[in-house]
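Let's go through it with a few questions.

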Amino acid sequence: MKDLPKISESEQLVMKNVWTSNPATANHIVEALSETTTWKPKTIKTLLNRLVNKGALGYKKSGREYHYYPLIEEDVFVRAESRSFLRRVFGGSMKPMLATMVENEDLSSEDIQELKRILEKKK
């Protein structure tokens, strides 16, 4: 697997929007992110250009519109980010991470059952 580009938190918000609305026009992305952030349209377009330059997004021009599409699958990105987090924060060890999360977060009965099901499947 080729190395994934480093994507900032702001760029991740843009990527999530494109993963949800693939392909997405620049105007659609600007409109969607303007509802949830205080970013100006120029800022969002700068983030789009950065993601294109990093190889995370591709685009097709249709008339005056740009249609963006992901070059990285969301699940591949999430897996890579999870591994990176695990290495950086917990030295790559799963057990202390799970213990920390379970002990410090409020879990519903459904959450607990789902975790049990996942762990049982791993046996």
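Q: Which residues lie nearest the centre of the largest pocket?
A: This is a predicted model, where local features need pLDDT of at least 70, side-chain atom pairs count only at pLDDT 80 or more, and totals for chains, interfaces and linings use all residues. Residues are numbered from 1 along each chain as its sequence is written, and side-chain values use heavy atoms, with hydrogens and water left out. A pocket here is an open set of points on a 1 Å grid over the protein atoms alone, where a 1.4 Å probe fits, with protein on both sides within 12 Å along at least five of seven lines; lining residues have an atom within 4 Å of a point. The lining counts 13 residues, and nearest the centre are Leu 98, Val 102, Leu 115, Ile 118 and Leu 119.

Q: Which helix gives the most to the lining of the largest pocket?
A: Helices (H or I, at least four residues) and strands (E, at least two) are DSSP runs, numbered from the N terminus. Helix 5 (94-104) and helix 6 (109-122) each supply at least two lining residues. With 6 residues, the top giver is helix 6.

Q: How many residues of that lining are charged?
A: Ala, Val, Leu, Ile, Met, Phe, Trp, Tyr, Cys and Pro count as nonpolar, Asp, Glu, Lys and Arg as charged, and the others, Gly among them, as polar. On that basis the lining has 10 nonpolar residues and no polar ones, and the charged ones number 3.

Q: Which strands stand at the edges of the sheet?
A: The sheet is open, with 3 strands in the order 1-3-2 and antiparallel pairing. Each edge strand has a single partner, so one of its sides is left without a neighbour in the sheet; the edges are strand 1 (24-25) and strand 2 (57-62).

Q: Over how many bridges do strand 2 and strand 3 pair?
A: Two strands pair if DSSP finds at least two bridges between them. Strand 1 and strand 3 (residues 65-70) pair over 2 bridges, with Thr 25 opposite His 67. In the other pairing, Tyr 59 stands opposite Tyr 68 and Gly 58 has Tyr 69 as its bridge partner. For strand 2 and strand 3, the count is 6.

Q: Which residue in the hairpin turn has a positive phi?
A: Most residues other than glycine have a negative phi. Strand 2 and strand 3 form the hairpin, with 2 residues between them; phi is about 65° at Gly 63.

Q: Which two residues does a cis peptide bond join?
A: The proline involved sits in the loop between helix 1 (9-20) and strand 1. Omega is about -5° for this bond, which joins Asn 22 and Pro 23.
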